[in-house]
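I opened my notebook to look up pockets and surface features in one structure. The entries below follow the order of my look-ups.

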Amino acid sequence: PVLCINRKGAESKRVYKTYRFERGPLGQYFRFLAAHEFRMLQQVQGLDFTPQKVERETGSVNTISYEYVDGASLKQRFRDGDIPERFFFRLYQAVSELHERGVAHLDVGNSGNVLVSPEGAPILIDFGSAMPLKRLPVITRAWARKKDLLGVLKLWRRFDSDSMPDYLR
């Protein structure tokens, strides 16, 4: 996808995510991806750590947009030596809350999908691989939850292992 940050009229900044191809088999696949991510983002509306005001763009069926999320990537904050205190505890709680809302992200272990807000709170982005938990068989649902939580632990160990409790290593 191509990401662009722009304003829609007098509104605040928005992120526009567009999948390039609109025709043929790839176009059909990308329409499915855009629709899927849109549904997942709608399902997590209202959570403090996810993008808000999600919309499908009428001019392009392959485009979704949401309110701009202010934050730096986890990797950048690590390079700057600026991981907030208790950040990974908060990320773990956020992912658990996501599961309570019925969604598994499935790509939390990718540090590019975790932002750090100016206040030091975790923000999850890129719900393209997310899955609704209620449609999964029980064993697959447990696997999806575990995959997300292990993703948090992977990031924790990589970026702030000193604050990681021994029992989680």
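β1 (2–7) and β2 each give at least two residues to the lining of the largest pocket. I kept in mind that this is a predicted model.

Entry 1, the largest pocket. I looked up its volume, which is about 280 Å³. Next I asked how many residues line the largest pocket, and the count is 13. Nearest its centre lie Leu-3, Val-15, Tyr-66, Leu-115 and Ile-125. I then checked which element gives the largest share of this lining, and I noted β1, with 3 residues. By class, I wrote down 10 nonpolar residues, 1 polar residue and 2 charged residues for the lining of the largest pocket.

I picked Leu-3 from the residues nearest the centre of the largest pocket. Leu-3 sits in strand β1. Is Leu-3 buried or exposed? Its relative accessible area is 56%, and the cut-off for exposed is over 50%, so Leu-3 counts as exposed. I also looked up its distance to Val-95. In sequence, Leu-3 and Val-95 are 92 residues apart, and in space their C-alpha atoms are 24 Å apart.

I noted a volume of about 180 Å³ for the second largest pocket. Which residues line the second largest pocket? My list for this lining reads Asp-48, Phe-49, Arg-90, Gln-93, Ala-94, Glu-97, Ser-117, Glu-119, Ala-121, Pro-122 and Ile-123. Both α3 (87–100) and β8 (122–124) supply at least two residues of this lining. The largest share, 4 residues, comes from α3. Sorted by class, the lining of the second largest pocket holds 5 nonpolar, 2 polar and 4 charged residues.

Where is Phe-21 placed? I found Phe-21 in the loop between β2 (13–18) and α1 (24–43). Its relative accessibility is 44%. Buried means under 20% and exposed means over 50%, so Phe-21 counts as partly exposed.

Definitions and conventions
Residues numbered from 1 in each chain as written. Predicted model: local features only at pLDDT ≥ 70, side-chain atom pairs only at ≥ 80, totals over all residues. Heavy atoms only, no water. Buried < 20%, exposed > 50% of the residue type's maximum accessible area, 1.4 Å probe, protein only. 1 Å grid on protein atoms, 1.4 Å probe; cavity = no way out; pocket = protein on both sides within 12 Å on 5 of 7 lines; lining within 4 Å. Points joined across faces, edges and corners; volume = space filled by probe spheres on them. Nonpolar A, V, L, I, M, F, W, Y, C, P; charged D, E, K, R; others polar.
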